[in-house]
Amino acid sequence: MANRINMRDRYKHMTRLGWETSYQPMEKVFPYDRYEGIKVNDWNEWEDPFRMTMDSYWKYQGEKEKKLYAIMDAFSQSNGHLNISDARYVNALKLFLQGVSPLEYQAHRGFARQGRHFTGEGARVACQMQSLDELRHVQTQVHGMSQYNKFFDGFHEFPWWHDRVWYLSVPKSFFDDANSAGPFEFMVAIGFSFEYVLTNLLFVPFMSGAAYNGDMSTVTFGFSAQSDEARHMTLGLQAMQFMLEQHEDNVPIVQRWIDKWLWRGYKVLSLVSAMMDYMLPESPMSWKEAWEMYFEENGGALFNDLARYGITVPSYAEICAKEKDHLSHQVWGILYNHTAAAAMHTWVPDDAKMNWLSEKYPDTFDKYYRPRFEYWRDQEEAGNRYYSQTLPLVCQTCQIPMGFTEIEDPTLVAYRTTEYSGDKYHFCSDPCMKIFTDEPEKFCQAWMPPQQIFQGNCGGEGLPAVLEHYKFNLGADNMDYAGSPDETNWNKWKGLDGAGDGQVKAS
Amino acid sequence: MSKVFLALQDVDEARPIVEAIRKDNPNAEFDHQPAMIRITADQELIIKRETVSNEIGADWDPQDIQLTLISFGGHVDEDDDYFRIFWQD
Ligand SMILES: [Fe+2]
Ligand SMILES: [Fe+2]
Ligand SMILES: [Zn+2]
């Protein structure tokens, strides 16, 4: 070590590359980090705890990529898709590629923008590295999933779907909201709330679920991406602490953003709750357990730590604590009812899964949800599988169909309504309505899928025209798993009973 | 007292790091989950360059944690000789 400068100095020399501009005043060169009301006294107080510099960044990222692609090649050469627990599992990947990978791309763009617009060069360099990471994430995910796209439906038009299909407007609108905010709000939205507080609930259970279901390709790209997330988490926390330490006037602004963005993120993750509890044939952990571990325990520790700035846990944390017993069951119900218009398959959980759910949700599953699933199963067996043919009313803020219930009465769907500028707006919950009333002129412009369909902007009237506009392969991308080409192919490849050609039997 | 946590990939490269954590953090708890190891401790966790280097038999740079780290909860403090996660309260 003797003749090298130490990490702290290296970091200083290799990231503090800015200068005071002289041809134009600084505030004209960096015009966007002032209008949100965040006061900064000294950008030099910004410090990246990872002290990552570009030279080591390239070294580590290059090494990660080499490992990742070696595994992805091995996965496709050995037909790794045949080693997964069951073809139902692949629907979790469809949801991921349609809903999450495009967010990686949005994150790439967002951090590139902040990497230009922050006045402090330490913050700019950290954002630029994250921007490159996020581009790497979307690329490796698309590459990893391309193997599945060769064998399964529901992958082929993911970017088109992300921009149009109703359930994907949930994650899309979340990121559009962040990318159309100012740079500091973006950092609280994505850097802090999503990357620091909520990312564990998305990636960790997802990737451990992939491992548990034999999908080594996804585990590898997931954990490879996640090793970047650790850096992103520190950037988010650093950005937030920086704002809180620079001026006390920043505290209420930051608190309002935390309240807004943790709720927005929580609603997006409700799709993940259904994925964990219902789509994974083998679930390593329930949504409720993940919520307790990663939000209540880790998030609780974080908020204890932030208390010294006067930051408090959002008041709706109690709603989440009660809702964790209901969330995944209600979301799966919504998806099941609307699978005719979704590029993934659904199914009624089998007995083993229902028993697992009873065990994990002793207070609610048998009481409220098992009877519902058993009724649906009876209806299916009687040839009455019901697919909703109408458009759901969706929440103006989170864009999820209104299907969540009142916290005090799980049999009553929650509705909230307000008026703005002569029009009525509907919400799934009090926090979603509060977010709207704080920024009505922004949220009244949201692109709402059902309204857009009714206005004739999505291919025409009625479901068939809309599905054609969506570019679905009807009967292959959508509808039940039972009877799908995915199921037929899987049974054939695995030599299971029920194979389409009837020649092969269980081995 | 708050708990910090660290999640590492369950791969060969992480094993000497896990061993070093065991040696330097007597109160740490280890939870093996599919493809990962989740390590928790009260208030702080430290990974020392010297201990990991001794485990491997070659010099280990704390920045190499980048290659196996999945996630963590706490503040990060990284220097030439250690990588530390802590809460301030
Ligand atoms: Fe990412
Ligand atoms: Fe990220
Ligand atoms: Zn809502």
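Reply: Happy to! This is a predicted model. Let's start with two helices of chain A: α10(A) and α11(A) are roughly antiparallel to each other.

Me: Which values describe the packing of two helices in general?

Reply: Two packed helices are described by the angle between their axes and the distance between those axes. Here, the axes of α10(A) (residues 216-246) and α11(A) (residues 250-279) cross at roughly 150 degrees and come within 8 Å. Angles over 145 degrees count as roughly antiparallel, so that is how this pair is classed.

Me: Which residues make the contact between α10(A) and α11(A)?

Reply: From α10(A) come M240(A), M243(A), L244(A) and Q246(A), while α11(A) contributes N250(A), V251(A), V254(A), W257(A) and I258(A). By type, these residues divide into 7 nonpolar, 2 polar and no charged.

Me: Where should I be careful with the coordinates?

Reply: Where pLDDT is low, the predicted coordinates should not be read in detail. In chain A, pLDDT stays under 50 over residues 499-507. Chain A as a whole averages 92, and 97% of its residues score at least 70. Among its elements, confidence is lowest in helix α1 (residues 7-15), at a mean of 81, and highest in helix α18 (residues 440-443), at 98.

Methods. Residues are numbered from 1 along each chain as its sequence is written. Chains are lettered from A and ligands numbered from 1 in the order in which they are written. This is a predicted model: local features need pLDDT of at least 70, side-chain atom pairs count only at pLDDT 80 or more; totals for chains, interfaces and linings use all residues. Side-chain values use heavy atoms; hydrogens and water are left out. Axes are lines fitted to C-alpha atoms, for helices over the stretch in contact, and angles run from 0 to 180 degrees between N-to-C directions. Helices (H or I, at least four residues) and strands (E, at least two) are DSSP runs, numbered from the N terminus. Angles under 35 degrees count as roughly parallel, over 145 as roughly antiparallel, 65 to 115 as roughly perpendicular and the rest as oblique. Contact means heavy atoms within 4.5 Å. Ala, Val, Leu, Ile, Met, Phe, Trp, Tyr, Cys and Pro count as nonpolar, Asp, Glu, Lys and Arg as charged, and the others, Gly among them, as polar. pLDDT is the predictor's confidence in each residue, from 0 to 100.
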